[in-house]
Amino acid sequence: GNAFDGCSSLKEITIPASVTDIDSNPFCGCTAMETVHVAPGNTVYKVQNGTTVDSADGKTLIAVAPTVSGEFSNSGYQKVGKGAFSHNRKITSVVMPNVTEIYDYGFASNEYLEKASFGKLTSIGEYAFFETAISEMPEITAETRIGRYAFSFTNLTNVNIPDNAVIEEGTYSECMSLTTVVIGNNVKTIGERAFYYCSGLTEVSVPQGVTGLSKGVFESCSK
């Protein structure tokens, strides 16, 4: 979890060689964190530029220091770990063209994150983009697994749900800027409150093949 949450004066930390399991970004709330080290002998993690903790093979981004700002760009990663960017207050855009999986809470509460570019995503975890400022959906397919509340409280304006996709509970809830939703053919399940309180929603296209509308899917969509 967030092991050092609230340590606002902590500027530097070394991850010991004995640490083999970082569940999610341990640096949330460490607003002064400038440098991260991994002790020699640790075979599970490594550090890039003193600001990111990565898996030893460099394919998974585990954690990002809260002081990282502006555009974050890296073509080496394939996965964004659980909570890797969570609660960052300074990153405005990410460009990660080879990322195909984002774990739970990957970018949660990055309130200034406006743009996010990835490869074609196959998995998006729960709350992955919760409380971010993104206005466009990343590229997905019908096979993409999207977790609960993944895009809740974002600035999305349009949502196109692919044919045969499954929409979980609260996925797009409280997206106040959302105006248009197009649901693909044979979408069998749209979870509870998937579009709850999308107060700006004016147009919804639901084909005949959609049969599994759960409770309160469009609840409090006043328009």
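This is a predicted model: local features need pLDDT of at least 70, side-chain atom pairs count only at pLDDT 80 or more; totals for chains, interfaces and linings use all residues.
Two residues are in contact when heavy atoms of one lie within 4.5 Å of heavy atoms of the other.

**The core and Phe85**

In that sense of contact, and not counting residues up to four places away in sequence, Phe85 touches Asn25, Leu61, Val64, Phe72, Val80, Ile91, Val94, Met96, Gly106, Phe107 and Asn110. The largest nonpolar core has 57 residues, of which Phe85, Met96, Phe107 and Phe195 touch the most other members. Two or more residues of this core come from each of strands S1 (12-15), S2 (35-38), S5 (60-64), S8, S11 (121-124), S12 (140-146), S13 (158-161) and S15 (180-183). Strand S5 gives the largest share, four residues. Nonpolar side chains tend to be buried together in soluble globular proteins.

**Aromatic pairs**

The structure holds 14 aromatic pairs.

| Pair | Distance between ring centres | Angle between planes |
|---|---|---|
| Phe85 and Phe107 | 4.6 Å | 15° |
| Phe129 and Phe151 | 5.3 Å | 5° |

Phe85 lies in the loop between S7 and S8, and Phe107 in the loop between strand S9 (101-102) and S10, so their pair ties together parts that are 22 residues apart in sequence. Both Phe85 and Phe107 are buried. The other pair also links distant parts of the chain, with Phe129 in the loop between S11 and S12 and Phe151 in the loop between S12 and S13, 22 residues apart. Phe129 and Phe151 are buried as well.

Ser86 is placed in the loop between strand S7 (79-80) and S8. With a relative accessible area of 10%, Ser86 is buried. Its side chain reaches the backbone oxygen of Gly83 at 2.9 Å. Leaving aside neighbours within four places in sequence, Ser86 is in contact with Asn25, Cys28, Tyr105, Gly106, Ala108 and Asn110.

**Strand pairing**

Strand S8 (residues 91-96) runs parallel to strand S6 (residues 70-73), and four bridges join the two. Within this pairing, Ser73 stands opposite Val95 of S8. S8 also pairs in the parallel sense with strand S10 (residues 115-118), again over four bridges, and here Ser93 is opposite Lys115 of S10. By contrast, S3 and S4 pair in the antiparallel sense, over four bridges. The bridge partner of Gln48 in S4 is Thr52.

**Two residues with positive phi**

Most residues other than glycine have a negative phi. Asn49, which is not a glycine, has a positive phi of about 55°. Asn49 sits in the loop between strand S3 (45-48) and strand S4 (52-55), and the hairpin of these strands has three residues between them. At a relative accessible area of 73%, Asn49 is exposed.

Arg193 likewise has a positive phi, near 50°. Arg193 is found in the loop between strand S16 (189-190) and strand S17 (203-205). Its relative accessibility is 37%, so Arg193 counts as partly exposed. Arg193 also lies over the face of Tyr196, at 4.5 Å from the ring centre.

Notes
Residues are numbered from 1 along each chain as its sequence is written. Side-chain values use heavy atoms; hydrogens and water are left out. Two strands pair if DSSP finds at least two bridges between them. A nonpolar core is a set of buried Ala, Val, Leu, Ile, Met, Phe, Trp, Tyr and Cys residues joined through side-chain atoms within 4.5 Å. Buried means under 20% relative accessible area, exposed over 50%, partly exposed in between (1.4 Å probe, protein chains only). A polar contact is a pair of N or O atoms within 3.5 Å; within protein, one must be able to donate a hydrogen and the other to accept it, and residues adjacent in sequence count only if both atoms are side-chain atoms. Rings of Phe, Tyr and Trp (its six-membered ring) pair if their centres lie within 6.5 Å; planes under 30 degrees apart count as stacked, over 60 as edge-to-face and the rest as tilted. A charge sits over a ring if NZ of Lys or CZ of Arg is within 6 Å of the ring centre and within 35 degrees of the ring normal.
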